[in-house]
Each structure stands twice: as C-alpha cells, then as structure tokens.
Amino acid sequence: MNDKYITISSLTKYIKYKIDNDIHLQEVYIKGEISNFKAHSRGHFYFTLKDETSRINAIMFASSASKLAFVPKDGMKVFVTGKVSVYEATGAYQIYVSELLEDGVGNLYVAYEQLKKKLEGEGLFQQQHKKKIPKIPQKIGIITAPTGAAIRDILSTINRRWRYANTFLYPALVQGMDAKDDIVRQIKRADMDNLDVLIIGRGGGSIEDLWSFNEEVVARAIYEAKTPIISAVGHEVDFTIADFVADVRAPTPTGAAEMAVPNERDIKNQLMQLKIRTTKVIDNLLLLKRQELKRITDKYIFKNPVMIYQAKEQSFSYLLDRLKLCSKNIIIKNQQKIDYYKNSFIFKNPKLLLDNKKHQYLQLLSKLEPLSPLLTLKRGYIIAKSKNKAIQYKKDLKKDDKLELTFQDGVVDVTVL
C-alpha cells in the first residue's frame, strides 16, 4: 500500500524536470516591480518581482549583476530577461535573471549599448588614439553649464591646486534635446583656441539627464578634437560614451580638475628636491675638479717649468750632433766612391777595354762559324725541307710530296716520284 506514495524530493525533482524542459520557460521576458532587494557580499542580487496580484522570487548571479549600469532598489520598475526553474530546497519556482533594464529607460540602455559596441568596433576607444594630458597646463577650457555645482567645483579646485593656470568657460547646454548640438559646437570652438587641455562634463543625474553625452555626434566631436580632453560626466558610477572616447575619464568634475592641473605644493616639493639634488651634483663635480686641478698643479713640471725647456734643449742638441755626424759620414762615403771610380782601369785606359771586348767578340764568332749551315752547303750538301721541316730520313717521304731543296746558290722545288 505504501508503494503508491512518493517523497517530496521526488515530486520536486519531477516538477523541476518538467519546468526545465519546457522550451517556453527557457527564456522569458517579464516586467514588474522590485521588492525585498538584497545584494549579497559575493555580488549576487536577490529580490522579489511583483505586480498587482502576483510575485516571483528572482536571483541574479554576480556574473550578470556586474554588467549592470545602475543599482537596483525597492520600488523600481524593471524589464527582466531570464530562465524559470525550481529551487529544490524550498520547492519554489523562481526566475534566474540574465538581463535587467530599468522600466522607462530600457530603450535608452539598449541604444547606449548599441552605440558603444559600434564605436568600439570602429576603434574610437583604443588607447593608441588617446592624447596625453600636459603636466603643467597654462590654458584650460571648460565646457559645461555656466551655473551649477560642476563649474564651481572645477574652478575652485583649479584655483586651489594651481592658481597659475588660465581658465576659459565655453557655456553649453548639458541636458535636453538641443544639448548635443550645443556641446559639439563648443568642442569645435574650443579646439581652435590652442588650449592645453579641455574639460567636458556636468554633475550627476539620471540616464535621461546625462543622455546628451551618449550621443554619437558628441562622441565623434571628442574623438576628432586635437586638444586633449578630460570627460567628467556625472558621478563615479556613471559611465557615458563620452567617457570612453575622451583621452581621460574623471569620476567627477572635481576629479577632472585634479587631473588637469598639478598640486602647487607637490610642484614646490619636487622643485626643492631637484634643487637639493642639483646642488649636491654640482658640489661633487666641483670637488672632483678641484682634486684634479690639485693633482695637475702638484706635478714636478709645474713646480720647475724651466725643466721643460732644458729637456727639449738637450734633446735638440743631441739630434743636431747626430745630424752633423751622419752628414759628414755620407760625404766621406761618397768621396771614397768618386776616388774609386777615378782610379779604376776604365777611366785610365778606356781604348784598351774596348779592344779587349772586341777580341772576345771575334773569338765567340769564330766558334759559331763551324756550326753555320751555310758552310755545309759550301761543301756540296743540300738541305731538303717539306712543309718548312728538314727531312732527315728517306722513310719520311712518300710519293707526290713537295720538297724544297736549298743549294749554295738558291732554292729548287721538286716532287717525289
């Protein structure tokens, strides 16, 4: 009989299984009002979503909650995207939230994300396009409303920190339909005034109040400006498109003023440190130069400078003596050569030398004469040649060869038969 009863856990698991496998509950879009909101220390959000007659528990894990551009609170009307499932411990169904939009401004958040993604894809947010803010600016432009806390905070902070800078206000609308065009016009005007840095911003407010700084025309005007720009829109938790395009994003208008100018006291401290370091370096350099000068002046040559002349004079005398001696030796050797040639046999009897050379020539000629082929021809012999080559053997000849026979008194051409 007990077999037909099941446990609560089994029933809850079955219900959870059915809900988790219902495709219509995998992604639902609902709207309602937040109540019992609680932010867990680990970053999760727990709250109840209700309307006039019903309510549902909701949880938004930290991975999704960290992406929100606003902080949920009780009484806030919201649009929710999530998945419906069952929490087995309590058996209650709840929605696991992946996206949360504030009702009434949901469309603005969608437009914000779309524009942000577009401009980021075009590279307008890349760090390589960011211009450096000068450390000590002289001319600071400010684009904001001429009245209000923002301009007062910026001016008071600049005057307190660095009273040497000149500030120029470019009054602009910072809220409303015409604000974006006014801001763009003032950016272009300020960019032509050779400023060192330009602050653009306003005080805090709702997303609608800050929307002019999320306009594409404002973002592109900031990107195209040649002047380094600090964006100071709203409070620290407020992020606008202008913040991503600007060269530097400040959390508040006061923070922008602090980024734009140095602290006078810090500069004075730095100058004092530089003065101390410079003085120390100069003192050390002077000490080294004095020590070097002392080493030079303590040398023996400076104490007895006449020694320089005496040493050079002695060296000169030694070289001069050697030069005289070498010159004398060269003259003596050349004179000896002249005497030798003058006393030689050739200069005393040159005809005898010529007769001797003539006799030697005749002796050599008489030795060569027996070897002359002309003498052979005189004795009755002939020289036979074929193709300018002397013939020595009969076997070297064959029929019809052309021969050249040289006699004592001429040459005869013959043919071998």
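Colleague: How much space lies in the second largest pocket?

Modeller: The model is a predicted one, and in it the second largest pocket holds about 350 Å³ of space. Its lining consists of 14 residues, and K67, E99, L100, L101 and E113 are those nearest the centre.

Colleague: Which elements supply at least two residues each to the lining of the second largest pocket?

Modeller: They are β5 (92–102) and α3. Sorted by class, that lining has eight nonpolar, three polar and three charged residues.

Colleague: What is the volume of the largest pocket?

Modeller: The volume of the largest pocket is about 590 Å³. It is lined by 24 residues, with A69, F70, Y109, V237 and D238 closest to its centre. Helix α3, residues 106–121, contributes the most to this lining, namely four residues.

Colleague: How do the residues of that lining divide into nonpolar, polar and charged?

Modeller: There are 13 nonpolar, five polar and six charged residues in the lining of the largest pocket.

Colleague: Let us turn to salt bridges. What makes the contact of K118 with E216 a salt bridge?

Modeller: A salt bridge requires a side-chain nitrogen of Lys or Arg within 4 Å of a carboxyl oxygen of Asp or Glu. The closest N and O atoms of K118 and E216 are 3.1 Å apart, so the pair meets that definition. This pair links distant parts of the chain, since K118 belongs to helix α3 and E216 to helix α6 (residues 216–224), 98 residues apart.

Colleague: Why are K118 and E216 called partly exposed?

Modeller: The term partly exposed covers relative accessible areas between the limits of 20% for buried and 50% for exposed. K118 has a relative accessible area of 41%, and is therefore partly exposed. E216 has 25%, and so it is partly exposed.

Colleague: Where do R220 and E216 lie?

Modeller: Both R220 and E216 lie in helix α6, four residues apart, which is about one turn of the helix. They form a salt bridge in which the closest N and O atoms are 3.0 Å apart. R220 is partly exposed because its relative accessibility is 26%.

Colleague: Which residues are linked in a network of salt bridges?

Modeller: The network of salt bridges links K118, E122, E216 and R220. The structure holds 11 salt bridges.

Colleague: How do you know that E264 forms a salt bridge with R163?

Modeller: The closest N and O atoms of E264 and R163 are 2.9 Å apart, and the cut-off is 4 Å, so the pair qualifies. E264 is in helix α9 (residues 264–297), whereas R163 is in the loop between α4 (149–161) and β7 (166–171). The pair is 101 residues apart and links distant parts of the chain.

Colleague: Is E264 buried or exposed?

Modeller: E264 is buried, because its relative accessible area is 10%, and buried means under 20%.

Colleague: Which residues make the nonpolar surface patch?

Modeller: The patch is made by I6, L11, Y14 and I15 and covers about 410 Å². L11 is found in helix α1, residues 8–20. A residue needs over 30% relative accessible area to belong to a patch, and L11 has 42% relative accessibility, so it counts as partly exposed.

Colleague: What is the phi of N36, and what is that of N194?

Modeller: N36 has a positive phi of about 55°, although it is not a glycine. N194 also has a positive phi of about 55° without being a glycine. N36 is found in strand β1 (residues 28–39), while N194 is in the loop between α5 (179–191) and β8 (197–202).

Colleague: Why are N36 and N194 called exposed?

Modeller: Exposed means over 50% relative accessible area. N36 counts as exposed because its relative accessibility is 52%, and N194 counts as exposed because its value is 63%.

Colleague: Why is V245 called buried?

Modeller: V245 has 4% relative accessibility, so it counts as buried, the limit being under 20%. V245 lies in helix α7, residues 241–245.

Technical notes
Residues are numbered from 1 along each chain as its sequence is written. This is a predicted model: local features need pLDDT of at least 70, side-chain atom pairs count only at pLDDT 80 or more; totals for chains, interfaces and linings use all residues. Side-chain values use heavy atoms; hydrogens and water are left out. On a 1 Å grid over the protein atoms alone, a cavity is a set of points where a 1.4 Å probe fits but cannot get out, and a pocket is an open set with protein on both sides within 12 Å along at least five of seven lines; lining residues have an atom within 4 Å of a point. Grid points are joined across faces, edges and corners, and a volume is the space filled by probe spheres set on the points. Ala, Val, Leu, Ile, Met, Phe, Trp, Tyr, Cys and Pro count as nonpolar, Asp, Glu, Lys and Arg as charged, and the others, Gly among them, as polar. Patches are made of residues with over 30% relative accessible area and no salt bridge: like charges are joined within 9 Å, nonpolar side chains (Val, Leu, Ile, Met, Phe, Trp, Tyr) within 5 Å. Accessible areas come from the Shrake-Rupley method with a 1.4 Å probe; for residues, only the protein chains shown count as cover. Buried means under 20% relative accessible area, exposed over 50%, partly exposed in between (1.4 Å probe, protein chains only).
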